[in-house]
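Student: I'm new to this structure. Could we walk through it together?

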Amino acid sequence: DNAAAAAVPEAASLAAVDNPKPNREQRHPCAGELLRGRYRLGRVLERDAIGTVYEAVDQDRLDLSERSRKTAIKVLHKDISARVDLYNELRLAFQDLQSLSHPNILRVHEFDRDGDTVFFSMELLSGLPLSAVLSNRDQLPLERTHATTIIREVGEAILYAHSRGVAHGDIRPHNIFVTDEGEIRVLGFGVLRSAPADFRASGFNSNQQPFVAPTVYASDQALEDHRPEKNDDVYGIACLVCVLWTGYHPFNNLSAAEARALRLRPQRPPGLTYQKWNALRSALNFEREQRPFDLAKWLRQIVQHQGVKPLPILSVL
């Protein structure tokens, strides 16, 4: 069973969730517990720096089948819910997500609390992150038609987010989910972009992932100022294009800052037309102002919509 989920809640019920009082003794709930008298927690799906994701059953939806009542619940770590600054940063990020409703973006439901336990519910996904799909292929590139379909669907999701004034800033294979049925979901909207310098010293578990790991798919600017702009997403998608079409990162898995310092230049992928290569190379520019600002136009230069077919089921990929 490859069920997995990502931690991206919506803000529809934010007004009803008060800022919790700091409580360093707060514990994570266990499998079998009931949150808000509604969500029966099951097995743990994922743990990260934000919290723990559980498979759960919504006991208020008795009109649905057992499978349809399943959802994903993410419980925030006490280190976050006890810190007003971090908690409020998440609340503001959730407000950005409130308007995002797209077939290629993870569907999210509500943000709530049960006593000192702050949690949110979201779509339960079954499948694998694209990073795992690529790893399982041992660097063998996807078929070009499959890669092009993924690029198109990720691009459409990001275009939709941009139309709502939301930039992603961290487009990478780990934040792209492939369901068992071959559907694409973009994850990672609204994550904590930064953390105060004293946060780790305050008791944060250093074995957890950092809030923003240095990522080789993010532009310099997105990592430095933590406020991604639209053409920072163009850079991330361009890196993704190279990986999907060639099997390799355009800058040898180095961050933009490292690649800039070494004066690296991307190599033209085989079989790419001169027009597409020019478009791809412009998107990989280290300077924000030199990258394309019109994502829709850039995608048309990279991906021809004619003949793009749906992805096959995950096992085929």
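**The pocket and a helix**

Student: Which residues lie nearest the centre of the largest pocket?
Tutor: This is a predicted model, where local features need pLDDT of at least 70, side-chain atom pairs count only at pLDDT 80 or more, and totals for chains, interfaces and linings use all residues. Residues are numbered from 1 along each chain as its sequence is written, and side-chain values use heavy atoms, leaving out hydrogens and water. A pocket is an open set of points on a 1 Å grid over the protein atoms alone where a 1.4 Å probe fits, with protein on both sides within 12 Å along at least five of seven lines; lining residues have an atom within 4 Å of a point. Of the 28 lining residues here, the ones nearest the centre are Arg67, Lys70, Thr71, Glu123 and Leu124.

Student: How many residues of that lining are charged?
Tutor: Charged covers Asp, Glu, Lys and Arg. Six lining residues are nonpolar and six are polar, and the charged ones number 16.

Student: Why is α4 said to be largely enclosed by the rest of the structure?
Tutor: Helices are DSSP runs of H or I, at least four residues, numbered from the N terminus. Buried means under 20% relative accessible area (1.4 Å probe, protein chains only). α4 counts as largely enclosed because, of its 20 residues, the number buried is 15.

Student: And what is the phi of Gly165 near?
Tutor: Gly165 follows α4. Its phi is positive, near 80°.

Student: What share of the protein chain counts as buried?
Tutor: The chain has 317 residues, and the buried share is 52%. Its helices number nine and its strands (E, at least two residues) 10. So, back to your question: 52%.

How values were computed
Buried means under 20% relative accessible area, exposed over 50%, partly exposed in between (1.4 Å probe, protein chains only).
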